[in-house]
Amino acid sequence: MTILVFELRRYMGSLMGWIASIVALLVMFMAFYPVLAQDAAMLDLFLEHYPEELLKAFGMGGELSLATVAGFFAFSFAFTQLVVGAQSAYYGFHFMSVEEREMTADFLYAKPVSRPQILLAKYGAAGSALLITNVGVWLGSFLAIDLFRGDATYELWPVVSLLLTVPVFQLFFFSLGFVVTAVSKKTVSVIGAAVGVSFVLYMLNALRRIVGGELLGLVSPYYHFDPNYILLTGAWHPLHTAISVSFIIVANFTAVRLYLRRDLRSAT
Amino acid sequence: MNAIELKHLTKYYGKVRGIENLSFDVREGEIFGFIGPNGAGKTTTIRTLLGLVFPTSGSASIFGLDCIKHGTEIRKHVGYLPSEVFYYDQMKVIDLLKYSASFFKKDCTERIHELAEAMELSLERKIEDLSYGNKKKVGIVQGLLHGPKLLLLDEPTSGLDPLMQKRFFDIVAQENKQGVTVFFSSHILSEVQQLCHRVAVMKNGNVIRLESIDTLRQENYKKVALRSYGLTAETLGLSNVTNFHHENGTTRFFYKGSAQSLIQAVAKHDLTDVVIEDPSLEEIFMHYYEQGPA
């Protein structure tokens, strides 16, 4: 049994849970669409009663109307991103540090296998789990849209363009978790850190929507891959994408270098 | 060829000393004891040999290969039993052992069953259901299943009952007869005394003594007990006396020197009983820790 297969088996149980949650979230959100789309005028009136800041914080009240398929999908996809971000960060914090946290490093690293081989296999397993999740997001998105859009139409390409951002979005959070554990001398609480990172970056973007400007959003992948922007334009923002990709490259390069020379913690 | 060579090996964890300037060799085919109290640097030395931690300076080699540059090749021939054993809790013992064997690319099934039988280890139980002693047995089997040429044992008997300790020593002795070199770290002196050919004594990250077990035993240290009234270190008239103390009418001390001088000095006194014996290794080592170099 190779490390890759062994690691993949370890992911499988929780992976199905993550995918089921994401699909359920997409379907659940889109289930409200038919009711809201029935009377667009009533929806607009309803939203007028909420403070503008609150609507902005949740990505509503933009150029895309919630009464359209694209507008409502953009709204629901933002919450999907929150879960996908938490899952990706969880894998990033978890995939290399688990051996030290569970004190099994002395078992694995004392075997005749090099650190680059271990890293590659574990990266491959985590990457595969994220890829499978990605497939789940695609299937869940189209399932949710087609189940509840009724007679309403939407442009396919912007949705595809948005879904194509998912792997980069996942890698951003995964790389963030990876580099933090590589830099940290102590073990990190994985679930707390993953949910925290996902939520804080989400809130930064929500805050940016309220106060305006770009600065806060530049560090947040929720802004880099804003569903409203992509579903409206059908394209990724070049600068924001470049920032995300650059971060991914630098974080991975740094984390790999550190892990290859890391002193592994022992139980004693 | 030496199985292990350490040259000025030093490891600091930040500012905290792990080991400092260690230099010694372990010959192929010997059982080498590595003894010292907790925190002396025994585990750090072993983990550096395995490439689990990186040396601050100096070098370590196994079978002539540098432990950092050729770690993967070296580990094909090394069996390691850590002092604290942790495995993947959800796995069955047999699955863990098969996973362990898969790294060595050879069929270890027969050896797994042999060792499991010898150590009375149930292969079908889940790791999480095992007691600490049974997890230690898993560690022993996974350390030996691939037929290593060098065994690195870090306090291997903790958690094993006396019967299993004996079985384990028998297995180690048997492996050694077949040419396996054993590096045996422990703070239990009697087990080192029982198994090892040579021993390095560690203190504060340094080796303070490296001798064969026989040499240490023949150091001319004698443990003396005299039953007599009014005996003091001064009236005894012997030099090289340590640990002089009275207990229930008996005077006890360690003496290092010629037997002739001891007998002559003792014979001058009115004694009701005399016991002169070799101290145990434990007593010799305690002497080093209390009085030896830092």
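Two strands pair if DSSP finds at least two bridges between them. The legends below use that criterion on a predicted model.

**Figure 1. Strand S7 of chain B pairs with S6 and S8 of chain B.**
Strand S6 (residues 78-81) of chain B and S7(B) run parallel and are joined by four bridges. One contact point to pick out is B:Val78, whose bridge partner in S7(B) is B:Leu150. Five bridges join S7(B) to strand S8 (residues 181-186) of chain B, again in parallel. Here B:Asp154 has B:Ser185 of S8(B) as its bridge partner. S7(B), helix H6 (residues 162-177) of chain B and S8(B) form a β-α-β unit, and the unit is right-handed.

**Figure 2. Strand S7(B) is enclosed.**
Is S7(B) buried or exposed? Five of the five residues of this strand (residues 150-154) are buried, so the rest of the structure largely encloses it. In a regular strand, side chains alternate between the two faces of the sheet. B:Leu150, B:Leu152 and B:Asp154 point one way from S7(B). B:Leu151 and B:Leu153 point the other way. All of them are buried, where buried means under 20% relative accessible area.

**Figure 3. Six strands of chain B make an open, mixed sheet.**
The strand order is S6-S7-S8-S3-S9-S10 (chain B). S6 and strand S10 (206-212) of chain B are the edge strands, each pairing on one side only. From one strand to the next, the twist averages 15 degrees. Strand S3 (residues 31-35) and strand S9 (residues 198-203) of chain B run parallel, with four bridges between them. In that pair, B:Gly33 has B:Val199 of S9(B) as its bridge partner. Helix H1(B) packs on the sheet and touches S3, S6, S7, S8 and S9 of chain B. The direction of H1(B) makes about 145 degrees with that of S7(B).

**Figure 4. Four strands of chain B make an open, antiparallel sheet.**
The order is S2-S1-S4-S5 (chain B). Which strands stand at the edges? They are strand S2 (16-27) and strand S5 (65-66) of chain B. Each has a single partner strand, so one side of each is left without a neighbour in the sheet. Strand S1 (residues 2-13) and strand S4 (residues 57-62) of chain B pair in the antiparallel sense over five bridges. B:Leu6 has its bridge partner, B:Ala60, in S4(B). Helix H1 (residues 42-49) of chain B lies across S1, S2 and S4 of chain B. H1(B) runs at about 115 degrees to S1(B).

**Figure 5. Helix H3 of chain B packs against helices of chains A and B.**
Seven of the 10 residues of H3(B) (residues 93-102) are buried, so this helix is largely enclosed by the rest of the structure. The buried residues are B:Val93, B:Ile94, B:Leu96, B:Leu97, B:Tyr99, B:Ser100 and B:Ala101. From chain A, they pack against helix H1 (3-30) and helix H7 (105-108). From chain B, they pack against helix H4 (109-118) and helix H5 (132-144).

**Figure 6. Helix H10 of chain B has a buried face.**
Three names matter here: B:Leu262, B:Ala265 and B:Val266 are the buried residues of H10(B) (residues 259-267). Seen down the axis of H10(B), they fall within an arc of 95 degrees, so they line one face of the helix. An α-helix has 3.6 residues a turn, so residues three or four places apart point the same way. The buried residues of H10(B) pack against strands S11 (221-227), S13 (250-256) and S14 (273-277) and helix H9 (233-236) of chain B. The face turned away from the buried side of H10(B) carries the exposed residues B:Gln260 and B:Ala267.

**Figure 7. B:Lys69 is an exposed loop residue of chain B.**
B:Lys69 sits in the loop between S5 and helix H2 (71-75) of chain B. Its relative accessible area is 71%. The C-alpha atoms of B:Lys69 and B:Gly51 are separated by 9.2 Å. These two residues are 18 residues apart along the chain.

**Figure 8. Chain A has helices and zero strands.**
The helix count of chain A is 15. Its radius of gyration is 20 Å, close to the 18 Å that the globule rule gives for 268 residues, so chain A is as compact as a globular protein of that length. Along its principal axes, the C-alpha trace spans about 65 × 35 × 30 Å. Of the 268 residues of chain A, 50% count as buried.

How values were computed: Residues numbered from 1 in each chain as written. Chains lettered and ligands numbered in written order. Predicted model: local features only at pLDDT ≥ 70, side-chain atom pairs only at ≥ 80, totals over all residues. Heavy atoms only, no water. Buried < 20%, exposed > 50% of the residue type's maximum accessible area, 1.4 Å probe, protein only. Helix = DSSP H or I, 4+ residues; strand = E, 2+ residues; numbered from the N terminus. Right-handed = clockwise from strand over helix to strand, strands pointing away. Arc of directions from axis to C-beta. Contact = heavy atoms within 4.5 Å. Axes fitted to C-alpha atoms, helices over the stretch in contact; angles between N-to-C directions. Rg over C-alpha atoms; globule rule 2.2 N^0.38 Å.
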